[in-house]
Amino acid sequence: MTKISNAAAIDKKDYPNGNKKKDIFAIEEFCADRQDFLTKILTDFEDHLTEKAGHFLGYHVNLDLNHLMDLSPLLRFHINNAGDPFKDSSFISVLDWFGQLWEIEKDECWGYVTNGGTEGNFQGLLLGRELLADGKLYTSRESHYSVFKAARMFRMDCIIIRTLTTGEIDCNDLREKLCLNKDKPAIINLNIGTTFKGGVDNLDLVIKTLEECGFSNDRFYIHCDAALSGLISPFLEQLLSLNVKGRLGLQQDVKCFDECSILERSPKDAGIESMLNEMSFVVVFERPPNPEFIKYWNLSCEGNMTHVIAMPHVTVKMLEDFVNDFVQERNIWYQCGQIQPPCLAKEIGTSNCCCSIHGKGGLQNGN
């Protein structure tokens, strides 16, 4: 099978704006009216971002941010909280809101608002290392890169655990490695939505595994990286149905699960490999061989895989356009038979693989 990297010579259509914006935001050395020039730069940049937002599918970014316009008058103030937000602070309301969301009593939680997921992982793992100074860090190989970065920064002995095809941590492998290190406390990093597949680690099973391996409550610490699905999971039951608790804005965002089911079914009908985890809004596909296609749809790739994330800004029309474009272009990429679609049986399981060996592996036109 020809590797993806050898597909650069494939004939490709000229995707809109594929090459024409190389220097669109370059600042000219001289300008008669600097204010007018800067206004034009900002206007052009806004138009550029608006255009890209219409086909932004591959990253964990929500572009549905119109509600933030109501907050824009506050951006001219410096409202960063310094110190402990639970002591003489007016910034605790955000923490209270999340405490209520996850049904945590006020006297049972502490925290602060970070700049993003990476800092959140740093803080969570630092607390674990401070509590269990000689503990070993256990994390799945599909954890966010910031977890491994934190391990290096904090000089923690990091033990990487295998994952299932879903991206969920393999508790059998975790058990084996815990038993090999019973003399050291365990610091566990779990994922409430892995970065690429959206896999959700089974917290109850992990705790059961720790207990079966002889780790008492004072000898293990668990950090949950919930950057992807932490705001979604409280509104879900095991059947992906809505759990009515108010907070209508977030509940409306959960509509993405319906869109994901559509996004998973349509490509499979055309012989395109795909996988959707339970309680996830990330659909994994075979990687397109055309770099321009990947660039146009703002896809993130890993090996032979790519994925589409149904963030709140992603509409059904965007997904339909993507699938139609994918199917149409795929027929062109593989029509000569010189290269074949990649087999993803190892990455997403044989039941989800549609290659010529494990599935129908055909193209829409039957070629």
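Me: Which helix lies across S6 and S8?
Reply: Helix H10, residues 316–333. H10 runs at about 10° to S6. Keep in mind that this is a predicted model.

Me: How do S6 and S8 pair, parallel or antiparallel?
Reply: Antiparallel, over five bridges. S6 covers residues 282–286 and S8 covers residues 305–309.

Me: What stands opposite Val-283?
Reply: Val-308 in S8.

Me: What's the strand order in that sheet?
Reply: S5-S6-S8-S7. The sheet is open, has four strands and pairs in the antiparallel sense.

Me: Which strands stand at the edges?
Reply: S5 (274–276) and S7 (300–302). Each has a single partner strand, so one side of each is left without a neighbour in the sheet.

Me: And the twist? What does that average?
Reply: 25° from one strand to the next.

Me: Switching to helices. How do H3 and H4 pack?
Reply: At an angle of about 45°, with their axes 9 Å apart. H3 spans residues 117–131 and H4 spans residues 145–153.

Me: Left-handed or right-handed crossing?
Reply: Right-handed, as H3 passes H4.

Me: Which residues make the contact?
Reply: From H3: Thr-118, Asn-121, Phe-122 and Leu-125. From H4: Tyr-145, Ser-146, Val-147, Lys-149, Ala-150 and Met-153.

Me: How do those divide into nonpolar, polar and charged?
Reply: Six nonpolar, three polar and one charged in the contact of H3 with H4.

Note on methods: Residues are numbered from 1 along each chain as its sequence is written. This is a predicted model: local features need pLDDT of at least 70, side-chain atom pairs count only at pLDDT 80 or more; totals for chains, interfaces and linings use all residues. Side-chain values use heavy atoms; hydrogens and water are left out. Two strands pair if DSSP finds at least two bridges between them. Helices (H or I, at least four residues) and strands (E, at least two) are DSSP runs, numbered from the N terminus. Axes are lines fitted to C-alpha atoms, for helices over the stretch in contact, and angles run from 0 to 180 degrees between N-to-C directions. Contact means heavy atoms within 4.5 Å. A crossing is left-handed if the near helix is turned anticlockwise from the far one by less than a right angle, and right-handed if clockwise. Ala, Val, Leu, Ile, Met, Phe, Trp, Tyr, Cys and Pro count as nonpolar, Asp, Glu, Lys and Arg as charged, and the others, Gly among them, as polar.
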